[in-house]
Amino acid sequence: FLIYLSTTLIKDKDSKSVGLIGVAKDITEFKQAEAVLRKKEYMLTQSQSLAHIGSWGWDLKGPIEWSDETYRVYRVSRETFIPTAESLISLIHPEDRSLMQKWLEANIEGKSAHNLEFRIIIPDGSVRIINGTGDLICDSDGKPLYMAGTVQDITERKLAEKELIEAKEKAEQSNKLKTEFLAQMSHEIRSPMNAVISFANLLKEDLSKDLTPDQLEYFEGIDSAGHRLIRTVESILNASELQVGTYLPDFTDIDLIGEILKRIISEYNILTEDKGLKFNFISNIGEAVIHGDKYSIYQLFVNLMDNAVKYTPKGSISINVEKDKDAPEVKVTIEDTGIGISQEFMGQMYEPFTQEDKGYSRRYEGNGLGLSLVKKYCELNGITIEVESKKGIGSKFTLIFAYKK
């Protein structure tokens, strides 16, 4: 029996205690009714709020009370299966039974209310994965009344998660293999080609006194073709790294003029001179500090200058650096007097492997990756690129960098 006792202390006129008066009441049935009400309320709430999730309740002594959905989760019949702690354990995969036992004991002691994933063996012999929850329900005095929780069949979800993880791992492995393959191919092509170019130059120097004009031209052809092949391999490798996301930029503060443009000027002075082009460099500032990835910024200038030299048969190429006094950006313009770009092609000029002059009879070499790489390098560094071009007159590429004081 459970008794509710309420007492009051009786005092005399001098505030001395002279006795007690109290009321005692049998509340056994009330507490039992409270427990049943709490259990029904919990199970009803779980059943209504969670679709396809079974609910259960247990008074820690006798049978476990299951909702209809719980029977469906375990694939057993209400008529033939009586859920108890022992019969429940018998449904669980042997390897998970000790785990379930420890989980139940922890919940009974009020130490745990976490989810538990376990396997069951259903009547047809197949294995299902179940997610179970458990809560210890206590009365108003903190005394344990019963346990209650939910169960859900998550087999399909776990299989989908496994497939997703395997697909992700496979994709990562594929990207890794692709990167390793491209790097290996780059090495396998560049190394022998550098050797060919170097030995050809040595032969040219050793035989320089005896070479005819035609033979000198042959050596120049070997050098030009070798460097062209190396540039092509590097462009394909760079584009692949950007495409699969394996390129890791190193963002630092860069002196755009001192570290990038002076190097470009030094390298392309000879190329423009050999082609009979006038090469100009103009700047209204002595230093322009920006924040970006040095390699990719250098490469985008290389690609723009390669195109300018390649597509300018005569005239001039200019690099102009400009910054207004209070402007937050630096503008670098590369302008040529070359063949220009048609308005029709302007919309697709950044697409990889695309050239306006196509086919085997085209007049200019190249793989169509230059401007595609330029665009990606600009996006990587937060650089705005603007283009003006007229067919037969020339092209003007303007790069806008955020200026760092």
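**Salt bridges in the predicted model**

Biologist: Arg 128 first: buried or exposed?

Modeller: Arg 128 counts as buried because its relative accessibility is 14% (buried is under 20% relative accessible area, exposed over 50%, partly exposed in between, with a 1.4 Å probe and protein chains only). This is a predicted model, with local features needing pLDDT of at least 70 and side-chain atom pairs pLDDT 80 or more, while totals for chains, interfaces and linings use all residues. Residues are numbered from 1 along each chain as its sequence is written, and side-chain values use heavy atoms, without hydrogens and water.

Biologist: Which residue does Arg 128 form a salt bridge with?

Modeller: Glu 156, with the closest N and O atoms 2.9 Å apart (a salt bridge is a side-chain nitrogen of Lys or Arg within 4 Å of a carboxyl oxygen of Asp or Glu). Glu 156 is in helix 5 (residues 155-206) and Arg 128 in strand 6 (residues 127-138), so the pair ties together parts 28 residues apart in sequence (helices are DSSP runs of H or I, at least four residues; strands of E, at least two; numbered from the N terminus). Glu 156 is partly exposed, at 47%.

Biologist: Which residues are in that network?

Modeller: Salt bridges link Arg 75, Arg 128, Asp 153 and Glu 156.

Biologist: How many salt bridges in the whole structure?

Modeller: The search finds 12. Among them is Lys 294 with Glu 259, at 3.0 Å between the closest N and O atoms. That pair links helix 8 (residues 294-310) to helix 7, 35 residues apart. Lys 294 is partly exposed at 37%, and Glu 259 is partly exposed at 32%.

Biologist: What about Glu 69?

Modeller: Glu 69 bridges to Arg 72 at 3.1 Å. They are about one helical turn apart because three residues separate them in helix 2 (residues 68-74).
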